[in-house]
Structures are given as structure tokens and as C-alpha cells.
Amino acid sequence: FSDMMASPDVQRSFSQGVSGLYGADSGVSWGAAITGQTVQNYKQEDEILKSHDNLSSFFKTGVTDTHTVSFQNNLGNDNNLYTSLSYLSDKNMIPETGYKRFNGTARFSSKFGENKRWFSDIKVQYINSDAKNRPVGGQNVGNYYSTLLTLPTTVNINNFRSGMDVLGAKQYWYVPNGDNPYWNVYNRLNEDSRNRFLLNANLKYSFTDWLNLDMRAGSDMYF
């Protein structure tokens, strides 16, 4: 499980607005002192002015689970085969984001030849990964942490959730031409999938206990 371990302290004494005056469509927090007074919100409706914990409201508990099965077989003298399969699923703290990965590995090693002087080790690995709605950093609407951290605490993010989980829905926000984080989650979509193949081979010949010739080759391909 994953949760937000810590977040910076934000001021919760003053409302959105400037110069000590409440502003329903203001994006800064230099407004009136929060005393539980009644104000008109962006819809011109009366509401009690109070501070909200928007980070806790938006982000959820993430869940990551991994399943792995592996086999190791001794195929006679000095021949070993190892295989493993693993699957990882990560449901992120950000709504509608996630990551899945499948990993398959096979490895064969052997000693052969006169006096077992030859040694070979071959490893083949396949990885398939699929990411849904990767979060982004920087100063942009896809950085939900930054957006919510700087959002005035007198704006309740829960009031902007309803109806935003439909692709193509018309978004609404407390400021004109603003970006509703819930709308972005369901409508600013991205997805990437990758197949990756890794091949490593090692061939070694031992002349003596202290002298050997070692040859290695590898390849990393993805699409």
C-alpha cells in the first residue's frame, strides 16, 4: 500500500482573494480571515467559509501487488535451468492511473568439454509493460500534486468531482478557463506500452585455475 507520507504545511487562516477580501474566483489565498462566515461561492450560492484538505480528498491509497513463480532444475551433471514468471500491478494514488508489468526469464548454464573447462551461461528475458495516464511533473495541469497544493483551501475539490468521470464531459471549475483536476484525470489521457527483449550470453574457457578466456555478448531490443 502507498500513501502520501507528508505534505508541506499550507496556511489555512485566510480565504481565496486579495487584500483581505474574499474572492470567489480568485486563485490566491490573501483574502478574508476564515471565521466560519457565510460567503457566495463561484455559483453565487451561499456557503460557510472553511478550509478543506484537498490533497487527502483527491489522492487515494495506492495498491501494488506482485506475483512471482520460479523453477530451478538440475538437468544432470553441471547443467542448470532457471525459469521465472512475475506479474506486477500498481494502482496509483492518483485516480485512473496505473502500471502493469509482466516479466519472463529463462537462464541456462552448463559446464562441458574435457575436464569441464568450458562454461556457458545464456539468459533470455522478456518484459511487457503498460502504463495508463502517467503523471507528469513541472508547472502544468498534469501535475496534480502541484495544482492541489497551490489551490486555495477554501475551494473544496469534492464539489468538482460529479460528472467528470465521463470522457468528453464539459468541465466546470471555480475560475473561468481553469482546469478541473478530476476532468483532467478522465479526459487528458495517455497510455504507453512497451515490449522489451534482453539476451545475454557468456562463454568461458579455463586454461588453468588462474587463466581463462571469457567472451560475452548481449542485446537489448524493444518496441
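Leaving aside residues up to four places away in sequence, Y145 touches M4, A6, S7, P8, L55 and F59, a contact being defined by heavy atoms within 4.5 Å. Y145 is part of helix α2. Its relative accessible area is 30%, so Y145 is classed as partly exposed; buried denotes under 20% relative accessible area, exposed over 50%, and partly exposed the range in between (1.4 Å probe, protein chains only). Between Y145 and N187, which are 42 residues apart along the chain, the C-alpha separation is 18 Å.

The structure is a predicted model, in which local features need pLDDT of at least 70 and side-chain atom pairs count only at pLDDT 80 or more, whereas totals for chains, interfaces and linings use all residues. Residues are numbered from 1 along each chain as its sequence is written, and side-chain values use heavy atoms, with hydrogens and water left out.

Three helices and ten strands make up the secondary structure of the chain, where helices (H or I, at least four residues) and strands (E, at least two) are DSSP runs numbered from the N terminus. Their order along the sequence is β-β-β-β-α-β-β-β-β-α-α-β-β. The radius of gyration of the chain is 28 Å, whereas a compact globule of 223 residues would have a value near 17 Å; the radius is taken over C-alpha atoms, and the globule rule is 2.2 Å times the number of residues to the power 0.38. Along the principal axes, the C-alpha atoms fill a box of roughly 90 × 35 × 25 Å. Of the 223 residues, 29% count as buried. Contacts between residues at least 6 apart in sequence join residues at least 24 apart in 50% of cases.

The accessible surface of the chain, from the Shrake-Rupley method with a 1.4 Å probe, comes to about 14,200 Å², and carbon and sulfur atoms account for 53% of this surface. Positive and negative side chains number 21 each, and the centres of the two sets lie 6 Å apart. In this count Lys and Arg are positive and Asp and Glu negative, with His and the chain ends not counted; the charge is placed at NZ of Lys, CZ of Arg, CG of Asp or CD of Glu.

Rings of Phe, Tyr and Trp (its six-membered ring) were paired if their centres lie within 6.5 Å, with planes under 30 degrees apart counted as stacked, over 60 as edge-to-face and the rest as tilted. The count comes to 14 aromatic pairs. In one of them, the ring centres of F58 and Y182 lie 5.0 Å apart with the planes at 55 degrees, so this pair is tilted. The pair links distant parts of the chain, with F58 in helix α1 (residues 54-58) and Y182 in helix α3 (residues 181-187), 124 residues apart. F58 and Y182 are both buried. For F160 and W173, the centres lie 4.7 Å apart and the planes at 65 degrees, so the pair is edge-to-face. Both F160 and W173 are in the loop between α2 (144-149) and α3, 13 residues apart, and both are buried. Ring pairs also link F160 and W173 with Y42, Y172 and Y174 into a cluster.

Most residues other than glycine have a negative phi. D78, which is not a glycine, has a positive phi of about 65 degrees and lies in the loop between β5 (63-74) and β6 (79-91). Phi of E96 is likewise positive, near 65 degrees, and E96 is placed in the loop between β6 and β7 (98-112). D78 is partly exposed, with a relative accessible area of 34%, and E96 is partly exposed at 30%.
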